[in-house]
Amino acid sequence: MTPHRSHLDELENQSIFIFREAYHAFKNIAMPWSMGKDSNVLIWLARKAFFGRVPFPVLHIDTTYEFPEMLEFREWAKEHHNLNLIVKINTEARERGIGYETHDPVTVTHELKTVALQQVLAEYKWDALITGIRRDEDPTRAKERYFSPRNAQFEWDYKDQPPEFWGQFATSSAKGEHVRVQPLLDWTEVDVWRYIQRENIPIPQMYFSRNGKRFRSLGCSPITHPIESNASNIDEIIAELEATKVGERAGRAQDHYERNAMQKLRAKGFL
Amino acid sequence: MQKANVQRSTSNAQRPTPTEQRDIGIPLRIVFVGHVDHGKSTLIGRILHDTDSLPEGKIDMVKKACAAEGMEFEFAFVLDALLEEQKQSTRPVTRSS
């Protein structure tokens with residue numbers, strides 16, 4: 001029997017198609033990179049789409065609350081993948097005293113991630129950002145498009161989103177606007193892990209169990225909590241995910257700070 | 001984005017049987033079509049619940065959202081996660097049996 005293309009092949013093909021559509025449609029692209037697992041899959045797919053190189057800058061929004069191990073990984077991966085890395089810190093907000101010590105996680109996330117992104121986008125005038133969000137992460141992300149427009153104020157008009165019939169996407173933006181291009185929307189958390197395993201994609205070691213705990217999702221150190229887990233390799237992580245009833249982002253405080261916290265963050269431009 | 005599937009279905013020789021489909025991990029895709037307010041989200045929410053497919057704490061979040069809107073339990077809120085969608089649900093269509 002002829003082997004079928006696997007589900008992972010389908011997802012990979014779809015993502016590469018989206019990458020190439022975006023590269024064809026937009027003049028000035030950047031790709032936010034958090035160094036998390038989805039982000040690293042994104043880099044891997046970009047290299048597959050463009051014959052081994054990432055042909056646009058990769059952006060790390062550094063909140064100054066990063067885990068040191070993630071920063072070490074950043075420096076290693078920058079060399080390993082030969083990335084054109086731009087690091088952005090919202091120094092203005094930090095100087096105003098915005099921080100997790102004194103402010104709530106929704107405010108800090110908005111200032112140090114979204115506003116930082118606004119600042120760096122105004123500087124480089126990117127017309128498209130390639131993001132690694134997935135529909136199964138969060139109910140508001142579930143309503144996203146592959147090509148998702150943002151206005152000049154960074155707002156997401158979720159009440160009036162473009163249809164995406166027959167591979168036709170919103171590929172134009174007016175001055176100051178940009179489009180979020182989201183190649184991983186259809187991937188699930190387990191798909192990401194199966195693909196990391198199949199392709200042997202480098203990821204930070206914090207995802208694997210140490211002393212009975214591991215990080216399932218990675219963000220700012222003061223508001224990101226590890227889960228109880230003995231999963232120390234990818235097979236064990238996949239087995240754990242197939243059995244668990246806990247949501248992926250349960251350890252991310254900003255999502256759960258108040259009702260509709262993610263909606264409020266994302267409507268104003270958070271990824 | 002389903003071009004590959006459409007192509008494959010034209011050739012019986014290459015189409016996986018349901019068993020093969022399960023074995024190679026291809027998800028089953030289901031579409032719900034219906035008029036606004038006729039219960040698409042409600043039905044999907046109920047199926048996700050009854051098949052034990054919801055993450056821990058999801059039902060509690062839905063309960064809180066329903067309480068904030070002064071409503072009885074509404075399975076549609078599993079999917080209708082935006083504030084506007086929840087406020088639009090003026091007529092409860094679910095029975096929380």
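**Loops, sheet, domains and cores**

Me: Where is the place of Thr64(A)?
Reply: Thr64(A) sits in the loop between strand 2 and helix 3 (68-80) of chain A; helices (H or I, at least four residues) and strands (E, at least two) are DSSP runs, numbered from the N terminus. Keep in mind that this is a predicted model, in which local features need pLDDT of at least 70 and side-chain atom pairs count only at pLDDT 80 or more, while totals for chains, interfaces and linings use all residues. Residues are numbered from 1 along each chain as its sequence is written, and chains are lettered from A and ligands numbered from 1 in the order in which they are written.

Me: OK, and is Thr64(A) buried or exposed?
Reply: Thr64(A) is exposed, because 12 other C-beta atoms lie within 10 Å; a residue is buried with 20 or more other C-beta atoms within 10 Å of its own, exposed with 12 or fewer, and partly exposed in between, the C-beta atoms being placed from the backbone. Thr64(A) also has a phi near 70°, which is a positive value in a residue other than glycine.

Me: What about Asn211(A), what is its phi?
Reply: Asn211(A) has a positive phi of about 50°, although it is not a glycine. It is found in the loop between helix 6 (189-199) and strand 7 (213-214) of chain A, and it is exposed, with 7 other C-beta atoms within 10 Å.

Me: Switching to the sheet: what is the order of the six strands?
Reply: The six strands of chain A form an open sheet in the order 3-2-1-4-6-5, with mixed pairing, where two strands pair if DSSP finds at least two bridges between them. Strand 3 (85-88) and strand 5 (147-150) of chain A stand at the edges and have a single partner strand each, so one side of each has no neighbour in the sheet. From one strand to the next the twist averages 30°, with axes taken as lines fitted to C-alpha atoms (for helices over the stretch in contact) and angles running from 0 to 180 degrees between N-to-C directions.

Me: Which strands does strand 2 of chain A pair with?
Reply: Strand 2 (residues 58-61) of chain A pairs with strand 3 of chain A in the parallel sense over four bridges, and two bridges join it to strand 1 (residues 29-32) of chain A, again running parallel. Leu59(A) has Ile86(A) in strand 3 of chain A as its bridge partner, and Met31(A) has Val58(A) in strand 2 of chain A.

Me: Which way do the residues of strand 2 of chain A point?
Reply: Val58(A) and His60(A) point one way, Leu59(A) and Ile61(A) point the other way, and all of them are buried. In a regular strand the side chains alternate between the two faces of the sheet.

Me: How is chain A divided into domains?
Reply: Chain A has domain 1 (7-188 + 256-267) and domain 2 (205-253), with bounds that come from an automatic or database domain assignment. The C-alpha centres of these two domains of chain A lie 22 Å apart, and 14 residues of domain 1 are in contact with ten residues of domain 2, contact meaning that the C-beta atoms, placed from the backbone, lie within 7 Å.

Me: Which residues touch the most other members in the largest nonpolar core?
Reply: They are Met31(A), Ala128(A) and Val181(A), in a core of 53 residues; a nonpolar core is a set of buried Ala, Val, Leu, Ile, Met, Phe, Trp, Tyr and Cys residues joined through C-beta atoms within 7 Å. Helix 2 (residues 37-49) of chain A gives the most to this core, with seven residues. Domain 1 and domain 2 of chain A both give residues to the core, so it lies between them.

Me: Where is Thr131(A), and what is it in contact with?
Reply: Thr131(A) is in the loop between strand 4 (128-130) and strand 5 of chain A, and it is buried, with 23 other C-beta atoms within 10 Å. Leaving aside neighbours within four places in sequence, Thr131(A) is in contact with Pro32(A), Arg180(A), Gln182(A) and Leu271(A). Thr131(A) and Leu271(A) are 140 residues apart along the chain, yet their C-alpha atoms are separated by 7.4 Å.

Me: Last one: how many helices and strands does chain B have?
Reply: Chain B has five helices and zero strands, and of its 97 residues 16% count as buried.

Notes. Two residues are in contact if their C-beta atoms, placed from the backbone, lie within 7 Å.
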